[in-house]
Amino acid sequence: MSQTRTEISSLGEFGLIQRINKGYKTTRPDSITGIGDDAAVIDLGDEFGLLTTDMLLEGVHFDLSFFPLKHLGYKAIAINVSDIAAMNGRPQQVTVGIALSNRFSVEAVDEFYEGVKLACKDFNVDLVGGDTTSSRSGLIVSVSVFGKVAKDKITYRHGAKAGDLLCVTGDLGGAYLGLQLLEREKQVYLANPNMQPELEGKDYVIQRQLRPEARMDVVYEIEEAGVLPTAMIDLSDGLASDLLHICSQSGVGAVVFEDKLPIDDQSFLAATELKLSPITAALNGGEDYELLFTVPQTAYDLIKNNPKISFVGYITDTPNEVLLHTNGDNRIPITAQGWQQ
Ligand code: ADP
Ligand code: MG
């Protein structure tokens, strides 16, 4: 037995996943894509099946002092459905695992499942199973979603081509800024419980953090417009990090225009108040769960009038060179942040 101990922080999240991936090869002919995209791809004969799982831990991903359990239930489903959307798929069934400590009452569990139910209705999926167990370290939620996609409609992270247009849905940075505001108000409250939270006029960014949506609406709309993206990913870690995944897996580079980044007015205001850069929040703030996708230039006319879609840049043929074209006409490299231990 080797006595060597390597810190996980020396690899980071993506390095660790790569290491797991390298040590494991799929053997079944129906396992089409394993580790490395937003969802696993399984050959079902006529169609592809899609399978994805994500875990949320109290104290890491959510703080119950400001995160209502109903919203948590909704978010747990939405962020998993978002990975199915990122494959251009349709979600169908979910399983939900929960680990609870004795701090939680039956009513608290009811509240969580109200959110789960609402999300299941919104995304037209059925809750078909899960697991319930005890926890010594607060609430743990683990959700898996199964979905399907036509074989000729599947969209991987690896299909982007030089010259393709880079598109993003909705707006960016709001979820991260909402979290910063909620954490600030929590500190204020802890210091003085008589203080009232100052969250007026900040409902949109707070909602972006507490109640994200999976963009199934846009998946349907681009299909109706007759457009098939060449590559797609959902924005869980931030545009910088997730665009780098598309570029490295497609063997391409990209240019993003600072002035094209969609940022809501409330996000601008929140960033100013928090003394943060709205551009940094848009590039590196995670958890927006919008879709980032590439389309051939011929698709432009077909989706240019969709107000939910912004054209933020284009794909280049320089592998892994991902640049931000600033308002001052400089081009600076965009670097990933991702999860670090
Ligand atoms: P996403 O943010 O889209 O959920 P992740 O960055 O979490 O994607 O994961 C990227 C890929 O790595 C996915 O294919 C996921 O299934 C896989 N993956 C993540 N963690 C593990 C693990 N512990 N074992 C096996 N595969 C993993
Ligand atoms: Mg994803």
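1. A salt bridge here is a side-chain nitrogen of Lys or Arg within 4 Å of a carboxyl oxygen of Asp or Glu. With that in hand, look at Asp 63 and Lys 186: their side chains form such a bridge, with N to O at 2.6 Å. Bear in mind that this is a predicted model.

2. On the overall layout, the protein splits into domain 1, covering 29-150, and domain 2, covering 165-333. Between the C-alpha centres of domain 1 and domain 2 there are 22 Å.

3. Now the interface itself. Domain 1 puts 24 residues in contact with 22 residues of domain 2. Together the two domains bury about 2100 Å² between them, and carbon and sulfur atoms account for 57% of that area.

4. Which elements supply at least two residues each to the side of domain 1 that touches domain 2? They are α2 (69-85), β4 (90-100) and α3 (106-122). Of the elements on that side, α2 gives the most, with nine residues.

5. Last, the make-up of the side of domain 1 that touches domain 2: sorted by class, there are twelve nonpolar residues, alongside six polar and six charged ones.

Definitions and conventions. Residues are numbered from 1 along each chain as its sequence is written. Chains are lettered from A and ligands numbered from 1 in the order in which they are written. This is a predicted model: local features need pLDDT of at least 70, side-chain atom pairs count only at pLDDT 80 or more; totals for chains, interfaces and linings use all residues. Side-chain values use heavy atoms; hydrogens and water are left out. Domain bounds come from an automatic or database domain assignment. Contact means heavy atoms within 4.5 Å. Buried area is the accessible area (1.4 Å probe) that two parts lose on being put together, summed over both. Helices (H or I, at least four residues) and strands (E, at least two) are DSSP runs, numbered from the N terminus. Ala, Val, Leu, Ile, Met, Phe, Trp, Tyr, Cys and Pro count as nonpolar, Asp, Glu, Lys and Arg as charged, and the others, Gly among them, as polar.
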